[in-house]
Amino acid sequence: MHYPSKRFLRFLVVGTINTLFGYSLFALLIALNFHYEIAALISTICGVLFNFKTIGVMVFKNKNNNLIFKFIGIYAIIYLIQIILIKQLLSYKINLFIAGGLILLPLALLSYTLNKIFVFPKSQ
């Protein structure tokens, strides 16, 4: 039987904290009547700043601040995919709060994979 790596388990714990932070901000902005694209953008920008250190240091054991630009690039991709997915779910008349929640796990897994390959490939 193949068990998840310790790094992936650390990502799940840190990712849960980061997701709670990002989604809470997104939901708050939606509740304050921000358009979902703006709410997603603001929560993504704040999330990038919050997540860079937690993911870099706690998950990938990497303190290299020069990687922030690659990290931002990954989150720019995540943001675009987030907007596309939310727009698609809204076309099926799914509530905006639920749509945002439904895409959390797939985007988290995509974030882990892209960070592992492109931002922190040599990290333990």
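Me: In helix 5, which residues are buried?

Reply: This is a predicted model, in which local features need pLDDT of at least 70, side-chain atom pairs count only at pLDDT 80 or more, and totals for chains, interfaces and linings use all residues. Residues are numbered from 1 along each chain as its sequence is written, and side-chain values use heavy atoms, with hydrogens and water left out. Taking buried as under 20% relative accessible area with a 1.4 Å probe and protein chains only, and helices as DSSP runs (H or I) of at least four residues, numbered from the N terminus, the buried residues of helix 5 are Leu107, Ser111, Tyr112, Leu114, Asn115 and Val119.

Me: Which helices do the buried residues of helix 5 pack against?

Reply: Contact here means heavy atoms within 4.5 Å. By that rule, the buried residues of helix 5 pack against helix 1 (6–31), helix 2 (36–59) and helix 3.

Me: How are helix 3 and helix 5 oriented to each other, roughly parallel or roughly antiparallel?

Reply: The axes, which are lines fitted to C-alpha atoms over the stretch in contact, with angles from 0 to 180 degrees between N-to-C directions, come within 10 Å and cross at roughly 155° for helix 3 (residues 68–91) and helix 5 (residues 104–119). Angles under 35 degrees count as roughly parallel, over 145 as roughly antiparallel, 65 to 115 as roughly perpendicular and the rest as oblique. Helix 3 and helix 5 are therefore roughly antiparallel.

Conventions: Helices (H or I, at least four residues) and strands (E, at least two) are DSSP runs, numbered from the N terminus. Buried means under 20% relative accessible area, exposed over 50%, partly exposed in between (1.4 Å probe, protein chains only).
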